[in-house]
Amino acid sequence: MKALLNPESSFCLSSISSSQIKRSLHFNGLSSSCLRFPLTDFAGRLRRRKLTGGLCIKAVLDSAMMEQLGLKESDVKNPALSSTYRGSEIPKPNLTVLDAQARVCTGPTQTRPLSEEQAFKVFDTILRSARGELKDEEPVSKAQLGAFFAGMTIRANAFPEETQWSEGEKRAMDVFWPLLVRALPPDVLFIADPEGSLLGTGNSVGPTFVGNETREMRLVGALREILAGGHLGYEEVKGVLRDVLPLETEGSLNSGVSESLLSAFLIGQRMNRETDRELKAYCLAFDDEHGAPPVADVKSLTHYGEPYDGNTRFFRSTLFVAAVRSCCGESSLLHGVEWMPPKGGVTEEQMLKFMGANTHLSVQQAKELIEDEKAGFAYLSLREARPSLYSLIEMREHIKKRPPLATTEKVQQFVRATGKEAIVAGFYHEGYEEPLLMLMRRRGVHSGLVVKVESLSFTIKYILMPYELLHTWDVDLEPEFCWKLFPYEGEEGALSMTTRVRAASASKGFPVNYCSGFRSLSSDTALEADGVSRQSFNLEVDARNYGFEPTETPRTDRSVSKNIELGLAALRGEKGAAYDRIVLNAGIVDHLLGSEGAEDVAVAMERAKEAIDSGKALKKLLNYIEISRKIK
């Protein structure tokens with residue numbers, strides 16, 4: 001830590017030992033600080049030396065500056081671990097119930113019923129928490145209660161027989177329900193048994209529960225449909241969201257609506273598999289939160305919809321791709337958050353903040369950076385762009401599974417353009433390809449592209465790790481098991497394409513690098529109402545067809561600084577897997593979106609290489625950092 005604070009010391013990735021990393025797992029910092037680098041010295045040293053020995057950056061956050069900013073040493077984040085960007089002020093969820101939510105708050109075929117032993121442990125934890133008797137664990141939050149019982153109710157009402165309640169769950173509920181009825185609040189009892197028919201006698205709350213005041217009554221009415229496995233209309237979903245958001249910063253609801261009810265609403269819609277009209281409501285509900293979006297005077301603008309919860313294993317390249325594409329006259333807008341569950345991985349905001357960029361730009365300021373030829377791209381935080389949706393981060397950690405917003409936040413237009421617009425987004429699971437493209441068409445963009453971004457193979461390994469860390473992983477692990485299926489290869493939720501070869505043991509369905517999309521054949525407005533024709537396409541991108549040798553995607557394993565090291569080395573022209581990945585994604589995206597001058601994919605690849613090898617792309621990134629810091 002002293003190296004981070006002493007201006008005469010250097011922070012070198014190559015010097016971090018495994019023991020230091022393990023110790024830093026318990027390090028938490030506050031969101032008010034960032035590391036600042038003198039850009040002239042930073043850029044000069046990048047030009048003077050290769051980065052093969054690790055990225056060495058001289059920190060200038062000395063004791064005098066710390067005092068001036070009112071910061072403590074404990075406020076500085078560990079740049080080796082994305083998990084340190086989690087806000088220390090956010091209450092932690094109860095891990096026993098969180099693990100159960102991972103099993104039961106998911107889809108009709110993915111749900112894994114609890115065993116009798118697991119169910120007894122979960123209900124006992126909930127009961128002791130409600131009574132104030134839970135001593136050695138975090139209390140079970142209202143959001144957790146809402147999500148867990150919503151999952152149980154929807155499974156009983158609407159799921160196939162194999163994912164409904166197990167015999168063990170039924171026996172546990174028979175024992176605990178009479179006790180829970182006397183300990184849980186009315187809103188949670190309603191969620192657990194809305195019609196009074198699931199759990200026998202003793203619960204008269206569900207059928208008669210209507211909530212408090214008009215907004216909560218509206219939410220309760222919507223929940224009755226959701227808990228029965230049903231769906232809502234566009235206006236109904238939009239109305240509920242606008243009624244209850246934003247939340248207060250402390251996690252309570254502005255509107256006075258029960259946090260348990262809102263949590264049940266969010267996870268319930270995902271479990272029921274959202275309809276197009278429901279997804280459209282989540283996507284568009286807060287478009288006017290800051291009024292009409294500003295319009296950038298650029299010939300093209302690509303909106304990048306990276307998953308907001310970041311990368312935990314592999315190189316996240318989109319920030320560096322944006323710098324390359326800017327050199328080719330293609331502007332980009334990246335958007336996201338500093339930290340987001342369930343992955344809590346590396347994000348663009350973490351990387352930019354670590355490099356000293358201003359990550360608190362307003363929508364208008366982002367528009368100005370897009371227009372500035374010295375930069376040509378911008379990053380916009382959800383914190384500034386959509387405060388209402390940003391206020392849900394704590395709740396999203398406590399409901400565990402991704403809500404509908406995890407899909408729709410990737411398809412946003414915080415800034416518009418005078419020229420052509422495109423949206424690029426990744427999708428995890430089959431079934432979301434067409435909804436994402438539908439939302440892009442609804443946005444009226446000229447081109448849209450979705451990329452299949454996750455394909456895991458599995459092996460059995462022995463896992464030795466404290467259970468308090470397991471819930472941050474990308475797979476669901478249980479405390480009583482050490483032998484588990486564990487992913488050992490494959491891409492994760494970054495939308496960029498890889499240069500590796502698809503494994504013979506890869507899972508069924510769409511392969512990694514599967515792309516689907518559309519491009520407009522006209523430069524006029526792309527709204528379907530105006531009769532503009534679109535050309536649709538789908539293909540699997542094999543990097544070998546474009547002259548790339550197969551390479552494994554570089555691992556970063558939650559390290560923000562390692563991600564930066566790889567990206568900056570590639571922008572310096574250092575050949576390797578990171579360089580190839582950036583070139584492939586810049587060239588293929590330009591080609592598939594129908595960008596000017598990229599009609600020939602070989603030409604698109606060559607101009608991406610030229611942007612890097614000439615040093616222009618690195619200069620664009622450094623310019624962005626410097627210009628953003630000057631914006632007030």
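Colleague: How much of the protein chain is buried?
Modeller: Buried residues make up 60% of its 632 residues. Buried means under 20% relative accessible area; over 50% is exposed, and partly exposed lies in between, with a 1.4 Å probe and protein chains only.

Colleague: What should I know about where this comes from?
Modeller: This is a predicted model, where local features need pLDDT of at least 70, side-chain atom pairs count only at pLDDT 80 or more, and totals for chains, interfaces and linings use all residues. Residues are numbered from 1 along each chain as its sequence is written, and side-chain values use heavy atoms, with hydrogens and water left out.

Colleague: How many helices and strands are there?
Modeller: The protein chain has 27 helices and 13 strands. Both are DSSP runs numbered from the N terminus: helices are H or I with at least four residues, strands are E with at least two.

Colleague: And what share of the contacts is between residues 24 or more positions apart?
Modeller: Counting contacts with a separation of 6 or more, 77% are between such residues. Contact here is heavy atoms within 4.5 Å.

Colleague: Let's do the sheet. What is the strand order?
Modeller: It runs β6-β5-β4-β8-β9-β12-β13. That is an open sheet of 7 strands with mixed pairing. Two strands pair if DSSP finds at least two bridges between them.

Colleague: Which strands are at the edges?
Modeller: β6 (377-381) and β13 (534-540). Each of them pairs on one side only.

Colleague: By how much are neighbouring strands turned against each other?
Modeller: By 15° on average, ignoring direction. Axes are lines fitted to C-alpha atoms, for helices over the stretch in contact, and angles run from 0 to 180 degrees between N-to-C directions.

Colleague: Do β8 and β9 run parallel or antiparallel?
Modeller: Parallel. 6 bridges join β8 (residues 420-427) to β9 (residues 447-452). A425 has V450 of β9 as its bridge partner, and V424 stands opposite L449 in β9.

Colleague: What about the β4 side of β8?
Modeller: β4 and β8 also pair in the parallel sense, over 6 bridges. There, G305 stands opposite A425 in β8.

Colleague: Why is β9 called largely enclosed?
Modeller: Because 6 of its 6 residues are buried. Both faces are covered. S447, L449 and V451 are on one side, with G448, V450 and K452 on the other.

Colleague: And how many residues of β8 are buried?
Modeller: 7 of 8, so β8 is largely enclosed by the rest of the structure too.

Colleague: There's a glutamate in β8, E421. Is E421 buried or exposed?
Modeller: E421 counts as buried, at 5% relative accessibility. Leaving out residues up to four places away in sequence, E421 touches L301, H303, Q413, V415, R416, V445, H446 and S447.

Colleague: Now T302. Where is T302 placed?
Modeller: In strand β4 (residues 300-305). T302 is buried, with a relative accessible area of 2%. Beyond residues up to four places away in sequence, T302 touches R325, S331, S332, L333, A422, V424 and L593.

Colleague: Switching to helices. At what angle do α5 and α6 cross?
Modeller: At roughly 130°. The axes of α5 (residues 95-104) and α6 (residues 116-131) come within 9 Å. The two are therefore oblique to each other. For reference, under 35 degrees is roughly parallel, over 145 roughly antiparallel, 65 to 115 roughly perpendicular, and the rest oblique.

Colleague: Which residues make that contact?
Modeller: T96, V97, A100 and R103 of α5, with Q118, K121, V122, T125 and I126 of α6.

Colleague: How do α11 and α13 cross?
Modeller: At roughly 35°, with the axes of α11 (residues 213-227) and α13 (residues 259-271) coming within 10 Å. E216, L219, V220, A222, L223 and I226 in α11 meet L261, L262, A264, F265, G268 and Q269 in α13.
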